[in-house]
Amino acid sequence: MAGYVTSAPKKGPSPGSRPEHITESRLVRIILITIALLFLGFLLILPLVSIFAEAFRKGAEVYFAALVEEDAASAIWLTLKVAAITVPANLIFGVAAAWVITKFSFKGKNLLLTLIDLPFAVSPVIAGLIYVLLFGAHGWFGPWLQANDIKIIFALPGIVLATIFVTFPFVARELIPLMQAQGAQEEEAAVTLGAKGWRIFWKVTIPNIKWGLLYGIILCNARAMGEFGAVSVVSGHIRGSTNTMPLHIQIVYNEYNFAGAFAIASLLVLLAVVTLVVKSIIEWKFQPRHSQEGE
């Protein structure tokens with residue numbers, strides 16, 4: 001129509017084009033990328049490849065025999081059992097802590113946040129020593145536990161407690177920033193429509209945090225299966241009973257059973273790779289949603 005001036009739409013950068021704010025030359029970029037790839041290749045990819053090379057050096061028959069050997073099978077089963085107990089416990093704690101911190105105002109909130117971060121600052125070995133001090137034979141509760149024939153240290157309960165201690169921040173720390181960014185508007189809207197507490201939680205809160213929740217669970221599970229320091233202190237290194245996969249690797253490696261050590265190590269690497277693949281899938285599904293919401 002006459003009297004209206006229409007401006008041509010601005011063209012965005014074409015795919016693969018270089019952003020205007022980048023001033024480095026092509027040579028500099030190539031050098032930086034090459035350094036990064038060499039660094040990753042030398043410190044990450046090469047060691048992982050060497051683990052599988054050593055594991056299969058004596059053939060597939062020796063490799064699978066090392067995995068099904070009695071002590072190795074016990075270590076694998078114990079690791080999976082500890083993870084199966086630890087992850088749901090941390091899931092419950094993480095969701096509850098995130099809900100309380102993001103939805104309520106109360107005295108001591110900053111202290112609670114600090115305590116959640118404590119395992120990131122405390123050495124896992126110290127975490128194990130804490131439980132020995134509490135539940136060991138000469139610990140605070142040791143005489144009472146012995147009198148009632150309850151065994152925590154050098155048994156499954158101690159391993160689970162130590163693992164929970166070093167892994168409980170992962171779920172909470174994934175959910176807290178996410179729930180803070182989302183705010184409470186949707187929950188408040190549900191309340192005005194007559195919804196009650198648990199219904200709001202399952203129908204509104206959980207769908208909004210499901211990808212962050214899965215991401216935290218994956219990280220927690222990966223750390224639980226690979227934990228060494230805290231578990232080493234409370235386990236007693238009893239073969240076929242309290243050795244997890246990382247502890248079993250150390251023992252058989254010290255016995256110069258390299259095939260057995262690298263076989264179990266390769267299994268841990270495979271579990272880590274599966275974790276990373278699932279993590280990447282979750283990030284791929286989660287990030288586009290946020291980019292669309294931000295537009």
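Modeller: Gladly! Let us begin with a term: contact means heavy atoms within 4.5 Å. Keep in mind, too, that this is a predicted model.

Colleague: What percentage of the residues of the protein chain count as buried?
Modeller: A residue is buried when its relative accessible area is under 20%. The protein chain has 295 residues, and the buried share of them is 35%.

Colleague: Is G41 buried, partly exposed or exposed?
Modeller: G41 sits in helix α1, which covers residues 26-55. Beyond its neighbours within four places in sequence, G41 touches L46 and P47. Buried needs a value under 20% and exposed one over 50%. Because the relative accessibility of G41 is 22%, G41 counts as partly exposed.

Colleague: And S232, is that residue buried or exposed?
Modeller: S232 belongs to helix α11. Apart from neighbours within four places in sequence, S232 is in contact with H237 and L247. Its relative accessible area is 18%, so S232 is buried.

Colleague: Which residues does T244 contact, leaving aside neighbours within four places in sequence?
Modeller: T244 is in the loop between α11 and α12. With a relative accessibility of 5%, T244 counts as buried. Leaving aside those neighbours, the contacts of T244 are A75, L78, T79, I159, E227 and V231.

Colleague: What span is expected for α7 at 1.5 Å a residue?
Modeller: Helix α7 has 12 residues. From the first C-alpha to the last, α7 reaches 16 Å, which is close to the expected span of 16 Å.

Colleague: Which elements are included in what covers the buried residues of α7?
Modeller: First, the buried residues themselves: G158, I159, V160, A162, T163, F165, V166 and T167. What covers these buried residues includes α3, α4, α5, α8, α10 and α11.

Colleague: How do α3 and α7 lie relative to each other?
Modeller: Two packed helices are described by the angle between their axes and the distance between the axes. For α3 and α7 the angle is about 50 degrees, and the axes are 9 Å apart. That makes the arrangement of α3 to α7 oblique.

Colleague: Which residues of α7 make the contact with α3?
Modeller: The crossing of these two helices, α3 and α7, is right-handed. On the α3 side, the contact uses L78, K81, V82, I85, T86, A89 and N90. By class, the residues of the contact are eight nonpolar, four polar and one charged. From α7 come L156, I159, V160, T163, I164 and T167.

Colleague: What is the handedness of the crossing where α4 passes α8?
Modeller: The axes of α4 and α8 come within 9 Å and cross at roughly 130 degrees. The two helices, α4 and α8, are therefore oblique to each other. As for the handedness, the crossing is left-handed.

Note on methods. Residues are numbered from 1 along each chain as its sequence is written. This is a predicted model: local features need pLDDT of at least 70, side-chain atom pairs count only at pLDDT 80 or more; totals for chains, interfaces and linings use all residues. Side-chain values use heavy atoms; hydrogens and water are left out. Axes are lines fitted to C-alpha atoms, for helices over the stretch in contact, and angles run from 0 to 180 degrees between N-to-C directions. Helices (H or I, at least four residues) and strands (E, at least two) are DSSP runs, numbered from the N terminus. Angles under 35 degrees count as roughly parallel, over 145 as roughly antiparallel, 65 to 115 as roughly perpendicular and the rest as oblique. A crossing is left-handed if the near helix is turned anticlockwise from the far one by less than a right angle, and right-handed if clockwise. Ala, Val, Leu, Ile, Met, Phe, Trp, Tyr, Cys and Pro count as nonpolar, Asp, Glu, Lys and Arg as charged, and the others, Gly among them, as polar. Buried means under 20% relative accessible area, exposed over 50%, partly exposed in between (1.4 Å probe, protein chains only). The expected span of a helix is 1.5 Å times one less than its number of residues.
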